[in-house]
Amino acid sequence: MNLLKMLSILGSLQQSGRSTKKFLSGTLLLALAAIVLWSALSFPHPSAALAQNDSAQVIEVTAKKYEYSPATIHVKSGAKIQLKITATDHDHGFSIATAPDGAGSNGSVGLEFTSPQMCWQLKQGETTTIEFVAQTPGTYSFKCCHVCGLGHRGMKGQLVVDP
Ligand SMILES: [Cu+2]
């Protein structure tokens, strides 16, 4: 075997190596494109989430010494709700169970809050928006969690998620 022949064999090996690489990167691109297409199809589009946000049911509630009005709020299971609570006479608070009364804490979420809080502070004269999806039918007790006076302990209500 002379040097020239060896060089030409090396050259052709290099070329086939290059085409293998090209083939591999082509396959990779196809796979990537498939993944991108799949994720675009299977994950909710941001605008869909916005549309859902727009369709939230708004319920206006007032908080004053020592009651919420309405004190019993009915919503449909699966509905996205925005409670708009206005404290009219004083600072109040709002805390609500995330699991239905009597369900215990088995880990399942009954109300899915956009930004969960132990106690929402309701400032006098202001409206506080609390957003959630009513996942599981049941009765969810809520109460004032900001000491507002002698009747504070009796300031409570119920959210009823109807099936
Ligand atoms: Cu209170």
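Which residue in β8 is the bridge partner of Leu 111? The model before you is predicted. In β8, Leu 111 finds its bridge partner in Ala 134. The two strands concerned, β6 and β8, run antiparallel and are joined by three bridges.Let me turn to the sheet that contains them. Five strands make up this open sheet, in the order β2-β1-β4-β8-β6, with mixed pairing. At the edges stand β2, residues 67–69, and β6, residues 111–113; each has a single partner strand, so one side of each is left without a neighbour in the sheet. From one strand to the next, the twist averages 30°.

Within this sheet, strand β1, residues 57–64, is joined to β2 by three bridges, and the two run antiparallel. Opposite Ala 63 stands Tyr 68 in β2. Further along the order, β4 and β8 also run antiparallel, with seven bridges between them. Thr 128 in β8 is the bridge partner of Ile 85.

Thr 128 deserves a moment of its own. It belongs to strand β8, which spans residues 127–134. Is Thr 128 buried or exposed? Its relative accessibility is 15%, and Thr 128 therefore counts as buried, the cut-off being under 20%. Setting aside residues up to four places away in sequence, Thr 128 touches Leu 83, Lys 84, Ile 85, Trp 120, Gln 121 and Leu 122.

In soluble globular proteins, nonpolar side chains tend to be buried together. Here the largest nonpolar core has 27 residues, and those with the most contacts inside it are Tyr 68, Leu 83, Phe 94, Ile 96, Leu 111 and Leu 159. Strand β4, residues 80–87, gives the most to this core, with four residues.

What is Leu 111 in contact with, leaving aside its neighbours within four places in sequence? The list comprises Ile 96, Ala 97, Thr 98, Phe 132, Val 133, Ala 134, Tyr 140, Leu 159 and Val 161. Ala 134, the bridge partner of Leu 111, is among these contacts.

The structure has a second open sheet to consider. Five strands form it in the order β3-β10-β9-β5-β7, and the pairing is again mixed. Its edge strands are β3 and β7, the latter at residues 120–122, and each pairs on one side only. The twist in this sheet averages 25° from one strand to the next. β3 pairs with strand β10, residues 156–162, in the parallel sense over five bridges. In that pairing, His 74 stands opposite Val 160 in β10.

Next, the loops on either side of β2. Tyr 66 is found in the loop between β1 and β2, and a cis peptide bond joins Lys 65 and Tyr 66, with omega about -10°. In the loop between β2 and β3 lies Pro 70. A cis peptide bond joins Ser 69 to Pro 70 as well, with omega about 0°.

Ala 71 is also found in the loop between β2 and β3, the latter spanning residues 72–76. With a relative accessible area of 33%, Ala 71 is partly exposed. Which residues does Ala 71 touch, not counting those up to four places away in sequence? They are Phe 142, Lys 156, Gly 157 and Gln 158. Ala 71 and Leu 159 are 88 residues apart in sequence, and 8.2 Å apart in space, C-alpha to C-alpha.

Finally, the metal site. Which residues coordinate the copper ion? The donors are Cys 144 through SG, His 146 through O, Cys 148 through SG and His 152 through ND1, at 2.1 to 2.7 Å. Along the chain, these donors follow the spacing C-x1-H-x1-C-x3-H. Ideal angles at a metal are 109.5 degrees for four tetrahedral donors. The angles among the four donor atoms of the copper ion are 80 to 134°, and the site is irregular; to count as tetrahedral, all angles would have to lie between 85 and 135 degrees.

Cys 144, at 4% relative accessibility, counts as buried, whereas His 146, at 21%, counts as partly exposed.

Note on methods:
Residues are numbered from 1 along each chain as its sequence is written. This is a predicted model: local features need pLDDT of at least 70, side-chain atom pairs count only at pLDDT 80 or more; totals for chains, interfaces and linings use all residues. Side-chain values use heavy atoms; hydrogens and water are left out. Two strands pair if DSSP finds at least two bridges between them. Axes are lines fitted to C-alpha atoms, for helices over the stretch in contact, and angles run from 0 to 180 degrees between N-to-C directions. Donors are N, O and S atoms within 2.8 Å of the metal (3.2 Å for Na, K and Ca); water is not among the atoms, so sites may look incomplete. Four donors count as tetrahedral if all angles lie between 85 and 135 degrees; four count as square planar and six as octahedral if opposite donors are over 155 degrees apart and all others between 65 and 115; anything else is irregular. Buried means under 20% relative accessible area, exposed over 50%, partly exposed in between (1.4 Å probe, protein chains only). A nonpolar core is a set of buried Ala, Val, Leu, Ile, Met, Phe, Trp, Tyr and Cys residues joined through side-chain atoms within 4.5 Å. Contact means heavy atoms within 4.5 Å.
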